[in-house]
Amino acid sequence: MDLLDWHRDRLSARRLTVLIRQLPHDSALNRELHGEAADWSVTDHLLAAAVDHLAAANWMFASVNSEEGDQPEPPAPVPRPSYDDADTGDEETPGGETEQTAAADAAPSTVQLARFFG
């Protein structure tokens, strides 16, 4: 498929839009638009969630079976890429925590859920 066909009126705007939307997740365009987030598939997100849940379960087991003053630190979640180009995650909120940390504590929005399962 030659993209110059669009300029030659052999390729409709609708067909071009369909071709662009159906590009693979690891395409150069998706990497340019979404950065590192384009490399993460649904499977990668599910594996990261499974690792986080296993770490939390191990931490809970260790907490319950340890002495009162010997509590282990809670595990850190697996870092995930951000899909929002405007949010770098480095800005601090009034509470002193970064936006990325505050976003990790908040429930996901419907848009984030649609992206994850879409």
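Where is the place of Leu23? Leu23 sits in the loop between α2 (13-21) and α3 (28-34). I will come back to that residue after the overall picture. Please keep in mind that this is a predicted model.

First, the chain as a whole. The secondary structure amounts to six helices and zero strands, so read from the N terminus the order is simply α-α-α-α-α-α. The chain has 118 residues, and 12% of them are buried. As for contacts between residues at least 6 apart in sequence, 38% of them join residues at least 24 apart.

Now back to the loop. Leu23 has a relative accessible area of 33%.

Asp5 lies in helix α1, which covers residues 4-7. Is Asp5 buried or exposed? Its relative accessible area is 15%, and because the cut-off for buried is under 20%, Asp5 counts as buried. The side chain of Asp5 makes a polar contact of 3.2 Å with the side chain of Arg8. Leaving aside residues up to four places away in sequence, Asp5 touches Arg10 and Leu11.

That covers the two residues and the chain around them.

Methods. Residues are numbered from 1 along each chain as its sequence is written. This is a predicted model: local features need pLDDT of at least 70, side-chain atom pairs count only at pLDDT 80 or more; totals for chains, interfaces and linings use all residues. Side-chain values use heavy atoms; hydrogens and water are left out. Helices (H or I, at least four residues) and strands (E, at least two) are DSSP runs, numbered from the N terminus. Buried means under 20% relative accessible area, exposed over 50%, partly exposed in between (1.4 Å probe, protein chains only). A polar contact is a pair of N or O atoms within 3.5 Å; within protein, one must be able to donate a hydrogen and the other to accept it, and residues adjacent in sequence count only if both atoms are side-chain atoms. Contact means heavy atoms within 4.5 Å.
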